Amino acid sequence: MKPPEVNRIGKKKTAITNFTSLCKQLDRHPEHVMNFFLGDLGAEGSLGSLGFSIFFINLAIKNILQPKQIENLFRKYIIEFVQCQICKRQNTDLVKD
C-alpha cells in the first residue's frame, strides 16, 4: 500500500489527497473509512474534490495531523476491518450481518 499523501489546508485542517485511491486498494468504501477516522480522532471532516477533477477526492479533517498519525489510523483500520482475525489475510469483504 502506498503511503498517504498528507497536506495542510490553512492552519487548522489536514488533507489526505490520495484518500480514495487508498480506499480502493483496501477494497472499502471511502465513507466507511472516513467515518472510522473521524470517530477515532473525535474530529470533524468531509470528503471533497480538489476542484480540477471529480476523480481526485480527498479527505479534509479539521485537525492538524502528522503523516505518521494518518498511517497509524490506516493500520488500525486494516486490523479492525480488512484483515481476517483468524488467518490474517487481507483479501476480505466487508459484510453486514
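What follows is a walk through the helix packing and aromatic pairs of this predicted model.

Some bookkeeping comes first: residues are numbered from 1 along each chain as its sequence is written, and side-chain values use heavy atoms, with hydrogens and water left out. As the model is predicted, local features need pLDDT of at least 70 and side-chain atom pairs count only at pLDDT 80 or more, while totals for chains, interfaces and linings use all residues.

The chain has three helices and four strands, taken as DSSP runs numbered from the N terminus (helices are H or I, at least four residues; strands are E, at least two). Along the sequence they come in the pattern β-β-α-α-β-β-α. Of the 97 residues in the chain, 34% are buried; here buried means under 20% relative accessible area, exposed over 50%, and partly exposed in between, with a 1.4 Å probe and protein chains only. As for contacts (heavy atoms within 4.5 Å), residues 24 or more positions apart account for 51% of those with a separation of 6 or more.

On to the rings. Searching the whole structure turns up seven aromatic pairs. Rings of Phe, Tyr and Trp (its six-membered ring) pair if their centres lie within 6.5 Å, and planes under 30 degrees apart count as stacked, over 60 as edge-to-face and the rest as tilted. F19 and F37 have ring centres 6.0 Å apart and planes at 70 degrees, so this pair is edge-to-face. Since F19 sits in helix α1 (residues 19–26) and F37 in helix α2 (residues 30–41), the pair ties together parts that are 18 residues apart in sequence. F19 is buried, at a relative accessible area of 0%, and F37 counts as buried at 0% too. F36 and Y77 also pair edge-to-face, at 5.3 Å centre to centre and 65 degrees between the planes. With F36 in α2 and Y77 in helix α3 (residues 67–82), that pair ties together parts 41 residues apart in sequence. F36 is buried at 12% relative accessible area, and Y77 is buried at 0%. Ring pairs join F19, F36, F37, F74, Y77 and F81 into a cluster.

Next, the helices themselves. The axes of α1 and α3 lie 12 Å apart, at an angle of about 30 degrees; axes are lines fitted to C-alpha atoms, for helices over the stretch in contact, and angles run from 0 to 180 degrees between N-to-C directions. That makes α1 roughly parallel to α3 (angles under 35 degrees count as roughly parallel, over 145 as roughly antiparallel, 65 to 115 as roughly perpendicular and the rest as oblique). On the α1 side, F19, L22 and L26 meet F74, Y77, I78 and V82 of α3. The residues of this contact divide into seven nonpolar, no polar and no charged; Ala, Val, Leu, Ile, Met, Phe, Trp, Tyr, Cys and Pro count as nonpolar, Asp, Glu, Lys and Arg as charged, and the others, Gly among them, as polar.

For α2 and α3, the axes come within 11 Å and cross at roughly 115 degrees. Here H32, V33, F36, F37, D40 and L41 in α2 meet L73, F74, K76, Y77, E80 and F81 in α3, and the residues divide into eight nonpolar, one polar and three charged.

Finally, L22 in helix α1 is buried, at 0% relative accessibility. Leaving aside neighbours within four places in sequence, L22 is in contact with M1, K2, P4 and F74.
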